Amino acid sequence: MIKRSKSYTALLDKVVNIPVIQITLLVIVFLLVSMFSLSAQTPRKDSGANGPTPLQIGDTIPESLWSTPLQVVNHSDGKKVISLNDYRGRLIILDFWATWCSPCVAALPKLQKLQAAFSDQIAIVPITFQKEQIVNTFIKRNEIGKKLNFSLVTGDTLLSTVFPHQLLSHLVWIDKKGILRATTWSEYANAANISMVLEGKVLNWTMKNDMLQFNKDMPLLTSTENGAPVPSKIYYTMFSGHLNGVNPTVGTSRDSIAKSVRKYFINVRLVNLCVIAWGKSIPELSAKQYVYPTAKKSMYVRPEAVYSEDWNRENTYCYEAVMPEHTSSANFNDMLAQDLKRYFGIAGYLNRTNMQCLVIRSTKTARNSNKVGIKLSHLIWTFNNTIFSVPLIVDETNDPTKLVSSSIMQCKDLISLRTSLEAEGYACMLEDREIETFTIHKIR
């Protein structure tokens, strides 16, 4: 798990509350999921080599760490080096991030507002292992980066060793007395939680504690001798609960000696497994095309009021199947379907459902000259997967690559979205459409 690959970062943490959809059995769930993010869990890219002793929650920050020089860019006074000692006596929040981690970047404006709101009571310090040149390029070219007034620590190797982690984002909370109080995801950074730490209250938070040495290639079940040698062939399917601190992953491995094949799904949502068991090769569905008529929706979609890590620990699972090497994909899907029925009493199926949609069409006044902005297709994808106050958007413009103003992404309701799109020459109408959906229902 210390591979720090960015293979699905752009999708996996783009959205945090959406089921995986399109499946090609072995690479599916999390090559696309990011969009759903299981809470934006993005692997880091540094090696975590040996170094200073890692600190635990409740430890006091050692004096040597306070004075350690930290290389920075974007400092308001033009400084190239700072130290934690510059912020001593405040609540310090270390924000470990990377330019390719979408949730990390998306959180920066929120962190900047919190810094302004609490002024000199707190110090939020973004930290990345990436080099100065990469971060400077991000500041110059990225729309969020251009607006940052943070000092950004670059080229870090020390702090990530003192505060070890595997998945981004990663916040480290150091109180005014210099005591490590918490490690969390970035979603914990809000005014209420900051006030709790400033007031010295007990934190009943789910702490982020990554498993740095997890080996996904090892079976989840292991056999031991029980008065007899371990058999040469062992076939099984199994479910387990969430593995804390382990990145969601899926894969296949083969054992040529035992002539078996192993398929594993680690920390996945039930909806991911349902799509594998009962789905087929279909165009990608959005989050709004999943229907839960009799099933408890909160088992499949995280409510906004619940922290990602808390929800994931209760509602994501591990599934493993070790089968004869000749087992077909269809047979595996059937076994998975039977296990989902047996253990969870659920089933899924593809269907077509009539629903009200927001249909977008081009008009003669639609702008064609935008040279900056975002693609219309990206805007529609974002609204269909993250903004649930707006109906499913159907694109009938016949030009999804056309650029629209990026400011439209700030719309949070139907009225403001329609007004903004119509100002750019698009017609937006509410119409009933028969839409392909995936339904999950209880069978007992």
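Colleague: Is Ser 119 buried, partly exposed or exposed?

Modeller: Buried stands for under 20% relative accessible area, exposed for over 50%, and partly exposed for values in between, using a 1.4 Å probe and protein chains only. Ser 119 has a relative accessible area of 42% and is therefore partly exposed. Please note that this is a predicted model, in which local features need pLDDT of at least 70 and side-chain atom pairs count only at pLDDT 80 or more, while totals for chains, interfaces and linings use all residues. Residues are numbered from 1 along each chain as its sequence is written, and side-chain values use heavy atoms, with hydrogens and water left out.

Colleague: Where does Ser 119 lie?

Modeller: Helices (H or I, at least four residues) and strands (E, at least two) are DSSP runs, numbered from the N terminus. Ser 119 is found in the loop between α4 and β5 (122-127). Its phi is positive, about 50°, although Ser 119 is not a glycine.

Colleague: Which residue other than glycine has a positive phi near 55°?

Modeller: That residue is Lys 259, placed in the loop between β11 (249-255) and β12 (260-269). Lys 259 counts as partly exposed, at 46% relative accessibility.

Colleague: Why can helix α11 be called largely enclosed by the rest of the structure?

Modeller: In general, an α-helix has 3.6 residues a turn, so residues three or four places apart point the same way. Helix α11 (residues 376-386) is largely enclosed because 8 of its 11 residues are buried. Among them are Leu 376, Ile 380, Trp 381 and Phe 383. The buried residues of α11 pack against several elements, including β15 (346-362), α12 (414-423) and β19 (426-442).

Colleague: Which residues touch the most other members of the largest nonpolar core?

Modeller: A nonpolar core is a set of buried Ala, Val, Leu, Ile, Met, Phe, Trp, Tyr and Cys residues joined through side-chain atoms within 4.5 Å. In the largest one, of 54 residues, they are Leu 94, Phe 163, Trp 173 and Ile 194. Helix α4 (residues 102-118) gives the most to this core, with 6 residues. A second, separate core has 32 residues, including Val 250 and Ile 346.

Colleague: What does Pro 164 touch, not counting residues up to four places away in sequence?

Modeller: Contact means heavy atoms within 4.5 Å. Pro 164 touches Pro 54, His 170 and Leu 212. Pro 164 lies in the loop between α6 (159-162) and β7 (167-168).
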